[in-house]
Amino acid sequence: MAKEPKPFERRKSRKRRKPMTPEQKAAAVERLAKARAARAAANPSQPKNVCEKVLQLDDEHHLSFNKVKSWIKTNQEKLKDARAEDRRGVKGAHAEVKSLEAYIRNMNKYLRDGDWCDNFYGEDMDMKIKWRCLALAYDEHGEPKRQHGVFYPDLGYRWGYEPEEDEV
């Protein structure tokens, strides 16, 4: 039993568009730009994998979304250079690579979860985080445990510093 040949089916041909005049092109570009701007204003794009708390911070905040994204980009460029130095065998380059990898990982975690888990912040890790106690812990004698440099709400200042020196 031989298969029957399929009948020839002609595909529909698509009509070519007439070429647009330069004036029509300019008008179309303007209409599209206006429509895109209206759509962007109505539905601003927000990253899906970023913590809402981080997105709500204004751009002047020291841990705002835009600042941290630029720090990640800068440190990734530094990481490339540090890896090249590590391959060449420069002393201390391996430690620099690991430090930059950890810092980038912590910044990505902050954007995802909203928890900054590093002791430093900034583009060059040049600013130190000031820790704050949210709930006191007590030792076996009932005395609160305290750590130097941590802000305690029951005291109203950082432990180990004079109250007038502290910036609350």
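Me: How are axes and their angles defined here?
Reply: Axes are lines fitted to C-alpha atoms, for helices over the stretch in contact. The angles lie between N-to-C directions and run from 0 to 180 degrees.

Me: What kind of model is this, and how are residues numbered?
Reply: This is a predicted model, where local features need pLDDT of at least 70, side-chain atom pairs count only at pLDDT 80 or more, and totals for chains, interfaces and linings use all residues. Side-chain values use heavy atoms, without hydrogens and water, and residues are numbered from 1 along each chain as its sequence is written.

Me: In what order do the elements of the protein run from the N terminus?
Reply: Helices (H or I, at least four residues) and strands (E, at least two) are DSSP runs, numbered from the N terminus. The protein has 4 helices and 4 strands. Their order is α-α-α-α-β-β-β-β.

Me: Is the protein a compact globule or more spread out?
Reply: The radius of gyration is taken over C-alpha atoms, and the globule rule is 2.2 Å times the number of residues to the power 0.38. That rule gives 15 Å for 168 residues. The C-alpha atoms fill a box of roughly 95 × 45 × 45 Å along the principal axes.

Me: What percentage of the 168 residues count as buried?
Reply: Buried means under 20% relative accessible area, exposed over 50%, and partly exposed in between (1.4 Å probe, protein chains only). By that cut-off, the buried share of the protein is 21%.

Me: Are H3 and H4 roughly parallel or roughly antiparallel?
Reply: Angles under 35 degrees count as roughly parallel, over 145 as roughly antiparallel, 65 to 115 as roughly perpendicular and the rest as oblique. The axes of H3 (residues 65-88) and H4 (residues 93-113) come within 9 Å and cross at roughly 160°. The pair is therefore roughly antiparallel.

Me: How many nonpolar residues does the contact of H3 with H4 have?
Reply: Ala, Val, Leu, Ile, Met, Phe, Trp, Tyr, Cys and Pro count as nonpolar; Asp, Glu, Lys and Arg as charged; the others, Gly among them, as polar. The contact has 7 charged and 4 polar residues. Its nonpolar residues number 14.

Me: Which residues does Asn75 touch, beyond those up to four places away in sequence?
Reply: Asn75 is in helix H3. At 1% relative accessibility, Asn75 is buried. Contact means heavy atoms within 4.5 Å. On that basis, Asn75 touches Leu100, Tyr103, Ile104, Met107 and Glu123.

Me: How far apart in space are Phe65 and Leu111, C-alpha to C-alpha?
Reply: Phe65 is in helix H3 and is buried at 18% relative accessibility. Leaving aside neighbours within four places, its contacts include Pro47, Val50 and Leu111. Phe65 and Leu111 are 46 residues apart in sequence, and their C-alpha separation is 7.2 Å.

Me: Is Ser64 buried or exposed?
Reply: Ser64 sits in the loop between helix H2 (52-55) and H3. Beyond residues up to four places away, Ser64 touches Leu57, Asp58 and Asp59. At 0% relative accessibility, Ser64 counts as buried.

Me: What is phi of Met125?
Reply: Met125 lies in the loop between strand E1 (120-121) and strand E2 (127-128). Most residues other than glycine have a negative phi. Met125 has a positive value, near 55°.
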